[in-house]
Amino acid sequence: MALTLYVDTARWRAHHKHVQEQFPGLVPVCKGNGYGFGHERLAEEATRLGADLLAVGTTYEAARIKDYFGGDLLVLTPYRRGEEPVPLPDRVIRSVSSIDGVYGLVGARVVIEVMSSMKRHGISEQDLAQLHAAIENVRLEGFAIHLPLDRTDGSDAVEEVIGWMDRLRAARLPLHTMFVSHLKAEELHRLQQQFPQTRFRARIGTRLWLGDHEATEYRGAVLDVTRVSKGDRFGYRQQKAASDGFLVVVAGGTSHGVGLEAPKAMHGVMPRAKGVARAGLATVNRNLSPFVWAGKQRWFAEPPHMQVSILFVPADAEEPKVGDELVAHLRHTTTQFDRIVDR
């Protein structure tokens, strides 16, 4: 009995091909938990796509994935002096976001990140004059810019990239390759038309692996079902059942990421109101689970355990049976499955 990730493989791969056609020179991204699929699986899928370069989050991820992907690997986390050395092959390319970082990677293959409106990390315009000397002792693979997802000020992503292209060109720095993130296909096409001598390569993870929501589904298997009456005590904390119903033990707990949620940016009155309502219910131990039964998302009977969750299903609903599987609405990037099934 397991928390299972089901994949409609033909549909999933058709989506990959569609994205690849929209973004020539696509660089697939495999970081974190492999977007819910694992590093080995995504390395296999990147190879199937014919990718020559795979982006990973850290040097530790590069060390793990190098045995599953035969092409070049781009580490997205910028190099910092004093970081723990990790033995890596020459086909690993390091990202750099400072002049000091460039000087610290003599002989290495590097991509230099410029500071975007994200303001996370990157070379500043004031640093450009120092780059000529710094890049003499590295193998420059190109520049990169990581753009924000939302532009609430109405600014244009393409114009931001053009601004940096103009600065780099004015500084007489090589512009053979520019790696970009979070651009639309038509935006990438506009850039390629304006700068035909530069190869623009889109680094894409979420849109590539998770862009077709109907291609994947998590399901948790029912392990036990116990009928309870109003007032019966149950669970670790011996709470009382609020009404007659069923305690349903389902595969999927905190070790899988169930009940763990990354903070979300909320826009608009309604989403904020729902967030306040959820927070209020949580103060009286009412927490909605990600598991669905009989067409409704069911409440946790108590906080999820390490490998299972206990749900409360009211008596007026159909009784689940051991072996049934409940659809679970889980975030791929915070979920660890027991098994993956292609179908």
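**View 1. Two domains in one protein.** The protein splits into domain 1 (8-210) and domain 2 (216-342), with bounds that come from an automatic or database domain assignment. This is a predicted model, where local features need pLDDT of at least 70, side-chain atom pairs count only at pLDDT 80 or more, and totals for chains, interfaces and linings use all residues. Residues are numbered from 1 along each chain as its sequence is written, and side-chain values use heavy atoms, leaving out hydrogens and water. Taken over C-alpha atoms, the centres of domain 1 and domain 2 sit 38 Å apart.

**View 2. Where the domains touch.** Here, 9 residues of domain 1 are in contact with 10 residues of domain 2 (contact means heavy atoms within 4.5 Å). Together the two domains bury about 800 Å², that is, the accessible area (1.4 Å probe) that two parts lose on being put together, summed over both. Asn33, Gly36 and Phe37 supply 45% of the area that domain 1 buries against domain 2, more than any other three residues.

**View 3. A salt bridge up close.** Aspartate 342 pairs with arginine 41 in a salt bridge, and their closest N and O atoms are 2.8 Å apart. The rule asks for a side-chain nitrogen of Lys or Arg within 4 Å of a carboxyl oxygen of Asp or Glu. Across the interface of domain 1 and domain 2, it finds 1 salt bridge.
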